[in-house]
Amino acid sequence: MGWMNRLSNLFRRDKVGEELEEELQFHLDARLRDNLNAGMNEAAARHDATRRFGNATLAKERAHEVNIVMSIETIGRDLRYALRSLRKSPGFTVVAILTLALGFGANIAVFTVVNGVLFRPLPFPDPGRLFLISYQSKEGGLGLFDRDYLEYQRHVQAFEQIATFNQDSATLTGAGEAARLPTADVTSSFFSVLEVNPAMGRAFLPAEEKHGSNRVVLLSDKIWRNRFGADASILGKAITLDGIAYSVIGVMPAGFAFAHEAELWLPLEVGGDPGNFTTRAVVGRLKPQASQQQALAELEALAKHLPPLPVANREDMFAEVLPMKDLVVGKIRQSLLIFMGAVGFVLLIACANVANLLLMRGTSRQREIAVRNALGASRGRVIRQLLTESTLLSLGGVAAGVLLALLGVPALLALAPAAGVPRIEEIHIDGWVLGFALLLGAFTGILFGLAPALQATGNRVRTFLALSGPTLTARRATLRSTLVVSEIALALVLLTGAGLMLKSFMRMRAVDPGFRTEKILTMTVDLPDASYPTVTAIQAFDSSILTKLSNLPGVVAAGAVNFMPLQPVLISGDFTLDGGRKLPRDYNVAKPDVSPDYFRVMGIRFLKGRGFTDQDNSSAPGVVIISQSVARTLWAGQDPIGQRITMEDEPKPKDWLTIIGIVDDVRQRLTGRPLPAIYQPYQQVTRPFFLSHMSFVVRTAEQPQSVATGMRGVLHDVDKYQPVSIAALTDLAGASTAETWFQARLISTFSILALFLAAIGIYGVLAYAVTERTREIGIRMALGAKKSDITRMLLKRTLALVLAGVALGSCGAMVLTRVLAKFLFEVKPNDPATFLSVAAILAATGIIAGMLPAQRATKVDPVAALRWE
Amino acid sequence: MRTHTNDRLKGTLDLLVLKTLASKGRMHGYAITLRIEEISESVLRLEEGSLYPALHRMTQAGWLRSEWGVSESNRRARYYSITPTGRKQLEEETQDWVQLTEAVGRVLRLA
């Protein structure tokens, strides 16, 4: 911005002031000299000079003021002139602003999300001092073993206080319909670390962590309002969670839902007993004078002295102290940064387009600029004027872009997978976003305005009348071509990214999970220990539900499994082979407990042997069904049927289980590998722990949701205190590809935008080239060139541009698609098929965009063309 | 006739400066002072200091162009010259002036 310089002039008073001083001094000295020459004595001469000059200070001040006032007036003049000039060519202005609005809109929308998720401070006092503490192996996630937590708590100096917590869920009954709610188990230090106090009541006391006095609960503001009618006398009242009464001691402030949307907080006792290998998240508040490095050093020093663990190798574990935001933001950070990059590309393409528009306009404004030059405007002055214009355009684009972003942000969030965007309530267009938009606009205005302004005011302009300008035209054409080539290259990079993501998504959808997802409805329950203390009670519940489900109209078959595929929770572990043979090192299998009809409902292929029946119950000999890969790994070339295994470390005779069948492997996650599994009939399970979480699956004759009401009724009949959680298996499968689908769709949207803008760019440049070369085309045609020759000539130019862009873009994509590697599934970042098809798409688009102007060129009338100008 | 919104005296000084530079080309401030005194046979006496704000104002307005040069006494001095815009301005101001003085003359003769 030229007028920014002007403004800074205001503060550069010194230089201007010195020059003024020198100028006035010169006047006084000259008068003095003349007076002396005229014969006055020195004193009189000096007096006369000063008298004639009048008030020197006043003159100085006045002259200086003039400079300042004029600076501001110039800015105003530049702006008025820019506005007038833009109004005079509304077509140009509208196209430029719309193009920029697309670029800015996408950028502002994505930045709004980035700002809300990544940049906004966490809603706790002084959140910069909150850190996560972790000492785990790479696979272990973030957190500390309970015993390490206790040890660290004893020694820690850098933190004021630390707290540990875990997520859980609980069934709330007796307050409206039974519901499964997310909960957090937290130590009594949790709220003082976060420095959040209950809005009503009090937080946990250390004594309340202890077993026996821990039947107390804190409610979220939401639960308090929705479930308890904002009861002002709730404190001290009892609520029922998993069948147990808890006394309400407080209500948290509105909006507080840490960690992970918790609705209820329960006290947590961190046990130091030798059998406890629980790992939990740990958060600490740093002392004001301590640093993150200090805390880390302390943790590392302590880690060296921790006793060995039977379940994990200390050698593989490493200490980490991370800002707490990392826990909240999670893995979306990388997606967001990639989106920022993608929209950045879109904006660059938009800029290239507008720069091209300005270049073409610059050509048609040659005369105007030459006239202004001749009238005494300096080159700097004209550049300043042109930059004022481009900045004004850019800010127009920003204004339109903010409007687009207002629509774009909700659209973007709607595309996101459910619960895929953390801190969604923090996402809105605020002062920071607007500030970002303005800065981006100002910067962009100069970015796309500078080259055209320099070009338009180049030295040759002054002589443009004399030199009818072939050199000049050529130079402009080069700049324009460069811009178009970069646009194509940028669009290609984006399209390649989109192609890779789409291919990943398609690969995911094509995965055979080992079961069928269509026409299956699932219902999951978590039975509380209080109401179902024994295995027999749970089995009675399950069998009653299964009988009722199979009798529902529309249900083909009903089954049950404790840990369903596509769900995150799973029990896995090792086992013992009969005959003393050892398992391969680190060999783990999934251990689902299922009802006899489970395999039929899920369409899991039976390969050998028999399935479970209702006779395989607690009084019958123990049996298991193994999955194919277990058979391959442990009994290669033999028949595993009839072989025996046990899940117990010290098996009694009845703990030996006979293998009766082999089924296909199943993927627990669509993007994961098929897992080896050993299935047990649920009737033979001996510990309630394995059965308290249970999913019922029904195969339906028609569309699965048609039996949802019936299913709900069955659960209510058997136990009306169980919350209902029903989902179609296809939806669960969809959820596991949702993130990839989101990324694929978003990047595709941006790349289509990019492709569209690049196509407009190519069209614009060629259309202009045709206009510019009308005379040349006319001469060629007059000299006998055929229409096809002219078309070929122009298409050759298009092709050259497109090929250069594609080549450049492919190189760029080779480097840049590597950032996607983490998000790709069974596709390499430099997948040749994707690269080739994207290049083909771009080339085709480029040629089509170039075809229209080429067609128009053939309509040039040679006679008219020769008379042109 | 155009109404005078600006200070008449300021306008007069502008007119004198423009006219001087139009006829004599490039000059520094002191030379302009001398030239105006000389032509008006010292009838028009400037308060010399007030010349400079006017010169700067007219430069900013684009009527004058200023640059540093070396004076006849071999010192650095700021020289002013008139721009084409300035010439146009001079034309207008001259016309205004003539109209004004004619009007005043008529009033004095006939009133």
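Helices (H or I, at least four residues) and strands (E, at least two) are DSSP runs, numbered from the N terminus. The model is predicted, so local features need pLDDT of at least 70 and side-chain atom pairs count only at pLDDT 80 or more, while totals for chains, interfaces and linings use all residues. Residues are numbered from 1 along each chain as its sequence is written, and chains are lettered from A and ligands numbered from 1 in the order in which they are written.

S1(B) and S3 (residues 76-82) of chain B run antiparallel and are joined by two bridges; Met27(B) has Tyr80(B) in S3(B) as its bridge partner.

The loop between S2 and S3 of chain B holds Asn74(B), a residue other than glycine whose phi is positive, near 70°. Most residues other than glycine have a negative phi. Asn74(B) counts as exposed because it has 7 C-beta neighbours inside 10 Å (buried means 20 or more other C-beta atoms within 10 Å, exposed 12 or fewer, and partly exposed in between, with C-beta atoms placed from the backbone).

Lys519(A) lies in the loop between helix H15 (470-510) and strand S12 (520-526) of chain A, and its 19 C-beta neighbours inside 10 Å make it partly exposed.

Methods:
Pairing = 2+ DSSP bridges.
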